[in-house]
Amino acid sequence: MAPGAMLVLTGGEPLLRSDLVRLVKAAADGGLMPVIGTNGTLLDAARAESLQDAGAAGAGISLDSPAPDFHDRLRGAPGAWVGARRGMAAARQAGLAIVVQATVFEENRHDLAALTDIAAQAGAMAFNVFFLVCTGRGVTQTDLTSAAYEEALREIVRLQDDHPGLKIRARCAPYMRRMQGLHAGERGGGYADWSSACLAGRRYFRITPQGRVTPCPYVPAEAGDLRSQSVQQIWAEHPMLLALRNESPGGKCGACDFRYGCGGCRARALAQHGDLLAEDPKCAYLPPSERAPEPPPEAAQRRRVDWERDAEARLLRVPAFVRGKVRALLEERAVSEGVDRITADFVMRHRPPSAVLDRLRARVGAREPID
């Protein structure tokens with residue numbers, strides 16, 4: 001269905017599984033891009049080497065504070081902060097791409113600059129800032145006010161401007177596109193034409209340990225069961241997933257001048273209103289009265305660009321962590337040149353300079369040359 005799609009193996013703690021290497025190898029052999037979401041404390045040199053050899057593209061390692069005490073208290077385990085930093089070093093040494101990930105609370109939202117510095121020092125390719133989605137056990141936890149939420153997003157924009165070599169991304173924060181002035185189908189500031197809007201059921205889904213499919217980890221509503229249905233059938237046919245892709249949200253989200261570019265968080269809407277397509281209760285934005293609701297995105301109406309098999313094979317030689325960006329740039333170039341089918345020759349003529357790719361390779365410590 002989606003060659004090269006990212007498969008995030010997370011938990012809980014996936015490194016507790018004795019068969020993790022086998023799962024990674026099966027995913028990589030099947031044409032997926034397996035990455036590990038971990039607290040990092042069990043990621044030593046031997047585990048990192050074995051995961052890299054099996055085909056893992058990288059590791060997302062959680063670090064919620066520059067201060068060990070806060071991180072250890074949040075994680076409920078003394079030494080968790082030191083273990084996470086040790087895991088980052090092991091991943092980098094093994095040639096795994098590193099993504100540092102933090103969940104932002106009122107207590108640590110002023111630490112984003114210091115966490116950015118740690119991510120850069122660790123050789124991370126990205127720093128992901130997750131905003132708490134108050135569902136499940138998260139309903140009882142501290143969340144930001146709407147004003148603090150917006151202030152944190154502005155800080156992320158500033159940090160990205162100050163650190164152009166590090167991708168700094170807000171997760172579960174679709175309002176970022178509105179703050180960047182990006183409507184659906186538009187790219188800018190390092191954001192693709194779809195990134196950071198709510199991906200639930202659109203470019204993303206969860207498989208639970210029991211084999212059930214939901215639109216995202218924070219949406220408990222089930223779209224199917226892999227013990228009786230195929231992924232393809234669930235993805236293509238389930239009414240809930242089709243509604244998330246094709247229907248406009250309700251309330252102020254549906255009347256917003258960023259209703260497609262942002263669209264609000266669907267998990268928050270479900271938790272607050274019991275309706276996936278209700279308005280997002282966290283967003284404080286009120287569109288100016290003179291602005292009409294955003295029209296359907298032009299991106300959905302663009303002419304499709306096909307890929308020849310040899311071109312797809314050549315794209316797979318690009319490092320996994322930048323492959324999506326390279327694909328998007330090549331397709332954008334093809335559209336601008338009136339090309340409707342990308343060939344291996346087209347890829348070679350428009351590939352990024354090797355020096356650029358080699359700098360990326362060096363940053364994550366990859367040991368193999370890039371063709």
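Arg 291 forms a salt bridge with Asp 257, with the closest N and O atoms 3.1 Å apart; a salt bridge here is a side-chain nitrogen of Lys or Arg within 4 Å of a carboxyl oxygen of Asp or Glu. The pair links distant parts of the chain, 34 residues apart. Arg 291 lies in the loop between α11 and β10, and Asp 257 in the loop between α10 and α11. Helices (H or I, at least four residues) and strands (E, at least two) are DSSP runs, numbered from the N terminus. The model is predicted: local features need pLDDT of at least 70, side-chain atom pairs count only at pLDDT 80 or more, and totals for chains, interfaces and linings use all residues. Residues are numbered from 1 along each chain as its sequence is written, and side-chain values use heavy atoms, with hydrogens and water left out.

Asp 257 is buried, with a relative accessible area of 6%. Arg 291 is partly exposed, at 44% relative accessibility. Buried means under 20% relative accessible area, exposed over 50%, and partly exposed in between (1.4 Å probe, protein chains only).

The count comes to 17 salt bridges. Among them, Glu 337 pairs with Arg 333, the closest N and O atoms being 2.9 Å apart. Glu 337 is partly exposed at 37%, and Arg 333 is partly exposed at 43%. Salt bridges that share partners also join Arg 17, Asp 19 and Arg 22 into one network. Within it, the closest N and O atoms of Arg 17 and Asp 19 are 2.9 Å apart.

The structure holds four aromatic pairs. Rings of Phe, Tyr and Trp (its six-membered ring) pair if their centres lie within 6.5 Å; planes under 30 degrees apart count as stacked, over 60 as edge-to-face and the rest as tilted. Phe 205 and Trp 235 have ring centres 5.5 Å apart and planes at 45 degrees, so the pair is tilted. Phe 205 lies in the loop between α7 (175–179) and β7 (206–207), and Trp 235 in helix α8 (residues 231–237). Phe 258 and Tyr 285 form an edge-to-face pair, 6.5 Å centre to centre with 70 degrees between the planes. Both Phe 258 and Tyr 285 are buried. Ring pairs also link Phe 131, Tyr 149 and Tyr 175 into a cluster.

Arg 245 lies over the face of Trp 235, 4.1 Å from the ring centre. A charge sits over a ring if NZ of Lys or CZ of Arg is within 6 Å of the ring centre and within 35 degrees of the ring normal.
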